[in-house]
Amino acid sequence: MRYIFIGASAACVSAAHTLAKHDPQAELLILTQQREYPNNTCSIKHVLAGVWPKEQTFLKLPAHAQLYLQQRVVEIDPDQKMVVTHNGQVFGYDTIIIGIGTRPRVPELFKTYLHKGVFTYHTLDDVEDITKYSASTNITSVAIIGGGLSGVEAAFACRQRGLEVTLFEKEPKILSLESEDIQKNLEDTLNGAAIKMICSSKVITCTRDTNEFVLTLDTRVVRVDMVLLALGSSPDSQFLNSVTEMTFDGYILRVRPEYELHCKVVGDCTAQPRVHNGWSRALMAGKKILT
Ligand SMILES: Cc1cc2nc3c(=O)[nH]c(=O)nc-3n(C[C@H](O)[C@H](O)[C@H](O)COP(=O)(O)OP(=O)(O)OC[C@H]3O[C@@H](n4cnc5c(N)ncnc54)[C@H](O)[C@@H]3O)c2cc1C
C-alpha cells in the first residue's frame, strides 16, 4: 500500500505516524512545498527571536517515511490515482492524505517587495528568509502588519532580537476578537516591551526610499527597514477541485463521494471553526486518520 501525504506539518506527520503503526509495510511518501525540514510552527517564534536553532523545532517522522521537500503538488488525477508536482514529477498512490494547511495573505500593495524586505510570517521558511535578509542588510526597525496572534508573536520575537518594532492593526485594538481584559493585559505587556502600536489605521501605500520602506497611513508616514505581514491566511486549494468540494475561500468541505475511499483531508485546510489551538487539533485529526 502506498500513501502519499500532501503537506508535512502537524496533520500529515501525525497521520503518517498512525499509518506507520497500523501498517509497518506501507510506503509513506511525504510531499511538501517547503524548503525546511518538517517543523513545529508553534515554535518558530523562538528561531525568529534568535534564541533557538531551527533544528530544535524539527518534527520526528516515521523511520521509513520518504520525504520530498520543495515539491509543490499542482494536480491530482483521482481516476489514475496520480499526483503531479510543479516540476512535472508524477507519483502514483493507493491513498492520498491532504493536509495543505493555509497560505498567508499578501495584499497587492506589498507584492512588489515580497521577499525583498517584505516577508510573510507563517513558516520556518519565512523565518529563514527574514533572518538571512536581516543579516545581509543593516536592519534596526521592523513594521509588523496585523495585530492578531501571529503578528503579536512576531512583534515580541523581533523585539527579543533587538529590533525596534511597530505593530499595525486596522481595528481599534490589538487581538480584536479577544475580551477587553486580554487586550488590556496584552497592551500593557507590549508597552512594557517598548513595542509601538498603531491601531485604527490602515497602511495605504508601501514604497521604497533607498534602504527604507515608507508606509503611509490615513494620517501619517512611518519609515522602517523591514516589513512583516501577519494578515491571516486561507488554503491555496484550487488544484484540489478534481477531488474535493470547497468553500468560496478555499476551505475543504468534503472529498467527492466517488473518491472518498482513497482520499482523506486533515488539519487547517478543512472547513471548521478557526481556533487558537490549531496545532493540537491538526495533530489529533492526523492521529484519527483511520477512524
Ligand atoms: C506563526 C504561527 C504560530 C502558530 N502558533 C500556534 C500555537 O502556538 N499553538 C497552536 O495550537 N497553533 C499555532 N498555530 C497554528 C498551527 O500552526 C496550525 O493550526 C497547524 O500548523 C495546522 O497544521 P496543518 O498540518 O493542518 O497545516 P500547516 O501547518 O499549515 O501545514 C501545511 C503543509 O502543507 C504543505 N503544502 C501546502 N500546499 C502544498 C502543495 N500544493 N503541495 C505540497 N505541499 C503543500 C506546506 O508546505 C506544509 O508542509 C500557529 C500558526 C502560525 C502561522
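**Ligand shell and domains: a chat**

Mentor: Among the elements around the ligand, α6 gives the most to the shell, with four residues. Keep in mind that this is a predicted model.

Trainee: Which residues come nearest to the ligand?

Mentor: G7, S9, G101, G267 and G278 come nearest, out of 32 residues around the ligand. The elements that give two or more residues to that shell are α1 (10-22), α4 (149-160) and α6 (278-287).

Trainee: What is the shell like by class?

Mentor: There are 13 nonpolar, 15 polar and four charged residues in the shell around the ligand.

Trainee: And where does the ligand lie relative to the domains?

Mentor: Between domain 1 (2-102 + 235-287) and domain 2 (104-229), because both give residues to the shell around the ligand.

Trainee: How far apart are the centres of domain 1 and domain 2?

Mentor: Taken over C-alpha atoms, the centres of domain 1 and domain 2 are separated by 29 Å. In the contact between them, 15 residues of domain 1 meet 13 residues of domain 2. The side of domain 1 that touches domain 2 has five nonpolar, six polar and four charged residues.

Trainee: Back to α6. Which of its residues are buried?

Mentor: A282, L283, A285 and G286 are the buried residues of α6. Seen down the helix axis, they fall within an arc of 160 degrees, so they line one face of α6.

Trainee: What covers them?

Mentor: The cover over the buried residues of α6 includes α1.

Trainee: Changing topic: how many residues of β1 are buried?

Mentor: Four of the five residues in strand β1 (residues 2-6) are buried, which leaves the strand mostly covered. β1 pairs with strand β2 (residues 27-31) in the parallel sense, over five bridges. In that pairing, I6 stands opposite L31 in β2.

Trainee: Where is S200?

Mentor: S200 is in the loop between β12 (196-199) and β13 (205-209). Its phi is also positive, near 60 degrees, in a residue other than glycine.

Trainee: Is S200 buried or exposed?

Mentor: S200 is exposed, because 11 other C-beta atoms lie within 10 Å and the cut-off for exposed is 12 or fewer. K81 has 18 other C-beta atoms within 10 Å, so K81 counts as partly exposed.

Key: Residues numbered from 1 in each chain as written. Predicted model: local features only at pLDDT ≥ 70, side-chain atom pairs only at ≥ 80, totals over all residues. Near = placed C-beta within 6 Å. Nonpolar A, V, L, I, M, F, W, Y, C, P; charged D, E, K, R; others polar. Domains from an automatic or database assignment. Buried ≥ 20, exposed ≤ 12 C-beta atoms within 10 Å, placed from the backbone. Arc of directions from axis to C-beta. Contact = placed C-beta atoms within 7 Å. Pairing = 2+ DSSP bridges.
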